[in-house]
Amino acid sequence: MRTAIVTGASSGIGEATARKLIADGYNVMLAARRADRLESLTEELGEHAAFHVTDVSSRADQEALAAATTERFGQVDALVCNAGIMPVSLIEKGDVEDWDRMIDVNLRGVLYGINAVLPRMVARKDGHVIIISSIAALENFPSSAVYSATKAGVRSMSDTLRKEMTAHGVRVTTIFPGGVKTELGSSIKDQSVLEMMGGVFNFEFLEPENLADSVAYVLNQPPSVCVGELMIRPTGQA
Ligand SMILES: NC(=O)c1ccc[n+]([C@@H]2O[C@H](COP(=O)([O-])OP(=O)(O)OC[C@H]3O[C@@H](n4cnc5c(N)ncnc54)[C@H](OP(=O)(O)O)[C@@H]3O)[C@@H](O)[C@H]2O)c1
């Protein structure tokens, strides 16, 4: 049985992905900070699910997550770097603490996660790293500067890693979601930004399950097939 770590598994795309991968026959280690949510989800998902409370911006937490997964399920076949935050704001507002948090979680969090599992994947010549970037990596909107920079940053990292891993049998995929119905926007504080976004993103968003299906599609390809990049938008998103 193959084993996946899903970060940001306490809600939204990560939760849906954990459910989908369990249904597809994976062992899944769910990682996030909200222990209560992880505990009830894991209980619901059954014996092939486990959880580890993890702050992805902590290297120590990510090393402990990889170790706990290996101890519980034997090895890590796939890492889904999904945890992310989006407290967007106009640069002129100077919300420097939010900039730092986005860089810590969305960029450093992905690097630390990869660092914790990659050496064993390389040694086994097998493994798959999936990084959830965003359409915002490719298309900016006012207030998205730092969020877009982190998502463009992981795209760049991911593509570089894919090239480095071609000799090692480890696959690397970046997924770029458009709008998805999740809790992601709940950290936006600036009312004018919320109003602006309501005007721009005035279409029906995807369900988290749509993204979970795309993760499963990527993971379930034969070993000789690497889906490098996948963009999933709502039909109504320009
Ligand atoms: N929703 C969209 O429209 C959309 C579009 C493009 C890309 N994305 C990307 O999709 C990913 C998942 O977001 P979502 O839309 O599913 O939003 P969400 O429902 O808010 O989920 C975000 C997840 O990340 C976790 N998380 C946040 N900070 C963390 C930290 N420091 N350490 C560990 N986990 C942390 C949260 O759990 P805890 O709070 O329990 O830690 C939660 O499980 C993000 O990377 C986001 O940028 C979303």
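Student: Which residues line the largest cavity?

Tutor: The lining of the largest cavity consists of T7, V56, Q62, L79, C81, N82, A83, V105, G109, V110 and G113. Please note that this is a predicted model, in which local features need pLDDT of at least 70, side-chain atom pairs count only at pLDDT 80 or more, and totals for chains, interfaces and linings use all residues. Residues are numbered from 1 along each chain as its sequence is written, and side-chain values use heavy atoms, with hydrogens and water left out.

Student: What makes a space a cavity, and what makes a residue part of its lining?

Tutor: On a 1 Å grid over the protein atoms alone, a cavity is a set of points where a 1.4 Å probe fits but cannot get out; a lining residue has an atom within 4 Å of a point. By this rule there are 2 cavities of 30 Å³ or more. A volume here is the space filled by probe spheres set on the points, which are joined across faces, edges and corners.

Student: Which elements contribute to the lining of the largest cavity?

Tutor: Two or more residues come from each of β4 (78-81) and α4 (96-124). The largest share, 4 residues, is that of α4. These names refer to DSSP runs numbered from the N terminus: helices (H or I, at least four residues) and strands (E, at least two).

Student: What is the volume of the second largest pocket?

Tutor: The volume is about 160 Å³. A pocket, by definition, is an open set with protein on both sides within 12 Å along at least five of seven lines. The lining of the second largest pocket includes D126, R162 and R171, and its residues divide into 5 nonpolar, 4 polar and 3 charged.

Student: Which residues come nearest to the ligand?

Tutor: Of the 29 residues around the ligand, the nearest are R33, R34, N82, Y147 and T182. A residue is near a molecule if one of its heavy atoms lies within 4 Å of it.

Student: What makes a pair of atoms a polar contact?

Tutor: The pair must be N or O atoms within 3.5 Å; within protein, one must be able to donate a hydrogen and the other to accept it, and residues adjacent in sequence count only if both atoms are side-chain atoms. An N or O atom in the side chain of D55 is 2.9 Å from a nitrogen atom of the ligand. For K151, a side-chain N or O atom is 2.9 Å from an oxygen atom of the ligand.

Student: Why is M196 called partly exposed?

Tutor: Buried means under 20% relative accessible area, exposed over 50%, and partly exposed in between (1.4 Å probe, protein chains only). M196 has 24% relative accessibility, and therefore counts as partly exposed. This residue lies in helix α6 (residues 191-200).

Definitions and conventions. Ala, Val, Leu, Ile, Met, Phe, Trp, Tyr, Cys and Pro count as nonpolar, Asp, Glu, Lys and Arg as charged, and the others, Gly among them, as polar.
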